[in-house]
Amino acid sequence: MNKYLVLALVLMLAVTVAACAPAPTPVPPTAVPVVQPTAAPPPTTAPTVAPTAVPPTTAPTAAPAKPVEVQFWTGQSGPQDAALKKLADSFKQKNPNITVVVTYQGNYTDLYKKVSAAIAAGSPPDITIGYQNDISNYIKSDAVIPLDDLMKDPKIGFSDADMKDIFPAFIDKYPQYGNKVYSLAFMRSMEVMYYNNDLLKAAGFTKPPETWDDFLKACAAIVKPDIPCYEMPGSGAASTFADWVFSRGGDVVSADGKTVAFDKQPGLDTMNFLNDLFVKKYAILQAKAYQDQTDFSLGKVVFTFGSTAGLPYYASAIKDAGGKVKDWGIAPAPHSIKDLVVDLYGPSVAVLKTNPEKQQAAFLWLKFLMDKDPNAEWVKATSYFPARASTKDALADFIKANPLYGNAYGWLQYGRGEPTMAAWNPIRNFIGAAMVAVANGKMTPADAIKDAAKKSNDALATP
Amino acid sequence: MTINRDRLKSGLVQTIIYAILFVGALWAVFPFAWMVLTSLKGYAEASAAENFLPTRWLFSNYADAWNQVEYFPRYFANTIFMACATVAGVLTTSTLAAYAFARMRFPGRDTLFIVLLATMMVPFEVTLVPNFIVIRNLQWSDHYEALIIPWIASAFSIFLLRQFFRAIPQELHDAAVMDGCTHLRFLASIVLPLSRPALITSGLFTFLASWNSLMWPLLVTNRPEMRPIQVAMATFIGDAGTQIQLLLAAVTISVIPVIIVYLILQRWFIEGIATVGIRG
């Protein structure tokens with residue numbers, strides 16, 4: 001009996017200490033991906049100027065004298081991994097001395113852990129994909145190089161025409177590190193509003209709401225006990241919040257990146273608006289991740305807000321649901337300012353500190369990914385948005401086949417990125433928690449904003 | 001009359017016992033049933049999780065899941081090899097270490113044992129980078145050694161086996177020594193056969209941990225041919241959604257070998273557990 005008891009106790013102990021035991025990390029197969037959309041230039045450089053679609057000049061290729069292998073670590077799996085490997089083959093044809101080895105290293109959280117460990121071990125990759133807050137930590141470790149000089153290099157850098165062609169939100173400046181460019185992006189997603197046009201038309205609306213007042217009118221006309229106007233993720237939605245603040249003329253972080261800005265009037269208005277939605281029972285909290293996609297496909301919600309990266313998932317869900325929703329679309333979030341601003345986010349690419357040959361080869365690969373034709377191939381495989389305005393020419397057939405994507409392409413010029421500092425990740429959590437507290441009626445909008453701002457400012461002040 | 005009443009009482013007790021067992025069995029089987037049934041649904045239905053049974057039975061999900069992962073068979077083979085080798089290593093090292101802690105006398109034994117137990121409280125993340133540096137210096141990256149060797153010593157298994165070994169009567173050891181038995185002979189001939197439940201428990205935990213590992217294999221490998229099955233699972237999780245029906249189809253495929261191993265070993269497994277009860 002003693003041994004039986006010992007066995008039972010040991011089994012219980014094993015369960016309780018499993019998380020602490022120095023064993024391989026088990027990952028639940030149904031783990032929800034950690035999406036930490038951040039991006040783009042700092043709030044100071046609101047890129048609302050439309051880039052001009054000027055044909056870029058072809059910079060002379062400065063091919064390395066001897067063969068160079070470039071290790072490119074990514075968080076892209078399956079078809080996206082295959083698309084990147086295909087692009088690496090194309091790059092090799094144009095640059096025979098450079099071999100790019102594309103390696104999937106898990107989701108972005110796993111990728112960050114692996115890159116950090118590799119940096120600590122002194123064997124980093126040559127170039128890596130990552131979110132800006134993660135890249136900010138690599139900068140802190142002095143592991144990545146600023147790209148400003150390479151971008152301006154007359155032989156391998158970008159020409160003036162290139163710079164006019166590239167959307168500003170794809171060039172990441174880091175205000176906390178001298179406002180230098182430490183990462184560039186060859187893909188971005190956009191925060192948009194998905195709308196059920198069947199429900200809108202039935203209620204007499206001919207187009208999706210363009211202002212927040214119109215949004216409330218649509219909600220008042222359509223909402224039923226089993227059809228809410230909006231479903232909010234159960235852990236909040238920091239990117240949606242940022243987008244809504246942008247749409248009211250505000251920002252989430254101050255110009256110098258040292259304090260938050262979402263505690264100003266636009267942020268407060270956003271939280272008050274969210275509170276109204278829940279008080280009037282126009283909004284509900286999702287019971288599980290991505291439930292808004294499913295409910296939208298079943299015609300059980302009027303509006304959802306999310307990434308354009310979700311377009312294929314929405315389309316798949318709607319098709320799979322047997323056509324319960326026939327007419328649907330996407331639009332920028334309603335706005336109360338004259339100029340449109342949309343939240344652009346997604347991972348970027350940073351070149352790690354290795355040696356000049358590898359750094360140059362890695363930069364050439366990154367530049368290639370941002371070029372019109374390769375970027376168009378990437379877009380066709382992923383439905384992300386490309387870095388250049390001119391890429392639209394190479395996407396004519398794709399846009400014809402995907403009209404919703406084509407609509408959103410037109411809003412890219414109004415893109416603004418989210419903050420690039422490392423503290424943006426915890427700040428996102430504070431904003432999400434504040435939204436949930438308001439949704440559950442546990443805090444007033446003002447208190448929730450105040451609380452989130454205090455915690456966020458503390459995080460920003462932490463070195 | 002008394003006999004009938006006793007029979008009735010006995011039948012009632014049996015019915016209640018079977019009812020409880022039936023509920024327990026349902027409780028255990030439900031997650032597997034849910035997994036298999038969800039793997040046969042469409043995307044929207046799988047995500048909605050409103051119907052238990054699929055309205056359309058999409059067996060093609062299995063082909064889609066299999067085809068979406070380029071190295072599925074290789075991942076499978078890697079994981080089976082990795083898990084089996086790790087179990088063999090853990091049982092070997094743990095048995096020897098546990099025996100030393102339980103039966104042999106040497107200076108600092110108990111202190112060393114406490115230090116060993118303390119290592120169980122060190123989080124995986126803390127040892128991640130040092131372990132990675134060691135592997136890199138040994139030039140084991142992208143080799144099976146990196147996937148197996150760091151995990152073939154387990155403080156938990158040593159603790160578990162040591163507790164079992166200590167409970168074996170000292171008289172057995174004394175008698176064996178009188179007959180000229182060495183420590184190794186006593187361990188192999190007497191201790192291990194009596195400790196089968198603990199060995200099976202230890203092996204099972206090690207096998208599951210190895211089967212489920214993702215972060216460490218991702219860290220020490222770059223070549224897809226060297227990676228385990230969990231990497232295949234991760235590929236179904238996207239930035240803006242999860243193809244849950246394909247993910248669960250892949251999970252179902254991945255647990256088939258585990259179920260087969262269990263079916264083959266279940267006699268020993270159940271026997272081992274039963275033995276514990278009888279001996280207690």
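Student: At what angle do helix H4 and helix H8 of chain B pack, and how far apart are their axes?

Tutor: Two packed helices are described by the angle between their axes and the distance between the axes. In this predicted model, H4 (residues 72–103) and H8 (residues 155–167) of chain B pack at an angle of about 50°, with axes 8 Å apart. That makes H4(B) oblique to H8(B) (angles under 35 degrees count as roughly parallel, over 145 as roughly antiparallel, 65 to 115 as roughly perpendicular, and the rest as oblique). Residues are numbered from 1 along each chain as its sequence is written, and chains are lettered from A in the order in which they are written. Local features need pLDDT of at least 70, and side-chain atom pairs count only at pLDDT 80 or more, while totals for chains, interfaces and linings use all residues.

Student: Which residue of chain A has a phi near 55°, and where is that residue found?

Tutor: Most residues other than glycine have a negative phi. Asp142(A) has a positive phi, near 55°, and is found in the loop between helix H4 (132–140) and helix H5 (148–152) of chain A.

Student: Is Asp142(A) buried or exposed?

Tutor: A residue is buried if 20 or more other C-beta atoms, placed from the backbone, lie within 10 Å of its own, exposed if 12 or fewer, and partly exposed in between. Asp142(A) counts as exposed because it has 9 C-beta neighbours inside 10 Å.

Student: What is the phi of Ser383(A), and is Ser383(A) buried or exposed?

Tutor: Ser383(A), not a glycine, has a positive phi of about 70°. Ser383(A) has 21 C-beta neighbours inside 10 Å and so counts as buried.

Key:
Axes are lines fitted to C-alpha atoms, for helices over the stretch in contact, and angles run from 0 to 180 degrees between N-to-C directions. Helices (H or I, at least four residues) and strands (E, at least two) are DSSP runs, numbered from the N terminus.
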